[in-house]
Amino acid sequence: MTFVVPFDGSKLADTSLVRAVEFATALEEDVTAVTVVPERKRYAREKGWIEEGEPYDVEEVIETLRTRVNGLAPTATFDCERIREFPPEAQIAERIERLVRDHDPSVVFLGSENVGRVVTPLTSVGVHVAGDRSYDVYVVRQPHPVAIDAIEPHADFYSGEAP
C-alpha cells in the first residue's frame with residue numbers, strides 16, 4: 001500500500017503530508033508526495049511560490065518543495081513532474097491526478113477546504129483527485145492532530161516547530 005499526497009507547499013498540503021505519515025507509521029506503509037510544477041509565473045504566484053515581480057526559477061521551487069517534504073516527512077518519497085508548456089489550470093489538475101495514479105495509491109491524503117461542497121471549481125485538483133474511484137481519499141480540512149489513539153501525532157508539526 002502507498003499513501004500519496006498531492007503537495008504544493010500550502011498549509012493544508014503540509015498537514016496532509018504529516019497526516020499521511022502519521023497513518024503510514026501506524027500501519028507500516030509508504031508515503032509519496034507528488035507535485036506538478038508548470039513554468040507559469042502566474043501559477044507560481046497563486047501558489048505562493050514567488051512574490052509579485054520576483055523572478056521564477058522552476059528548479060529552485062522544486063528544490064524548495066523537496067526540502068519541505070523532507071523536513072516534514074524524512075521517510076517519504078518526493079516525485080515531481082515539471083511541465084514545460086503553459087496549460088490551463090484544469091490540465092494541471094489532470095496531470096496531478098495522473099501522477100497520483102502512477103503511484104497506485106491505496107489512499108490519497110488531500111488537503112482541501114472545499115472538496116465535497118456542492119459547488120466546486122472545475123479546475124480544483126481536489127475535484128479531479130477525489131473523483132477517481134480506484135483509491136480512497138482522506139480529506140484534510142484543518143491543521144490539527146487526528147483524534148485517534150493509535151495515531152501518534154507528528155513530534156513538531158502541531159506545535160509550530162516543524163521545519
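User: Before we start, what does it take for two strands to pair?
Analyst: Two strands pair if DSSP finds at least two bridges between them. In this predicted model, strand β1, residues 2–6, and strand β2, residues 30–38, pair in the parallel sense over five bridges.

User: Which residue in β2 is the bridge partner of Pro6?
Analyst: The bridge partner of Pro6 is Val34.

User: OK, and what order do the strands take in the sheet?
Analyst: The open sheet is formed by five strands in the order β3-β2-β1-β4-β5, and their pairing is parallel. Because β3 (77–83) and β5 (136–140) stand at the edges with a single partner strand each, one side of each has no neighbour in the sheet. From one strand to the next, the twist averages 25 degrees.

User: Which strands does helix α1 touch?
Analyst: Helix α1, residues 11–27, packs on the sheet and touches β1, β2, β4 (107–111) and β5, while its direction makes about 175 degrees with that of β1.

User: And where does α3 lie?
Analyst: Helix α3, made up of residues 58–72, lies across β2 and β3, and it runs at about 160 degrees to β3.

User: Switching to α4, how far does it reach from its first C-alpha to its last?
Analyst: Helix α4 (residues 89–102) has 14 residues and reaches 20 Å, which is close to the 20 Å expected at 1.5 Å a residue.

User: Which of its residues are buried?
Analyst: In α4, the buried residues are Ile92, Ala93, Arg95, Ile96, Glu97, Leu99 and Val100.

User: What about phi just after α4?
Analyst: Just after that helix, Asp104 takes a positive phi of about 45 degrees.

Key: Residues numbered from 1 in each chain as written. Predicted model: local features only at pLDDT ≥ 70, side-chain atom pairs only at ≥ 80, totals over all residues. Heavy atoms only, no water. Helix = DSSP H or I, 4+ residues; strand = E, 2+ residues; numbered from the N terminus. Axes fitted to C-alpha atoms, helices over the stretch in contact; angles between N-to-C directions. Contact = heavy atoms within 4.5 Å. Expected span 1.5 Å × (residues − 1). Buried < 20%, exposed > 50% of the residue type's maximum accessible area, 1.4 Å probe, protein only.
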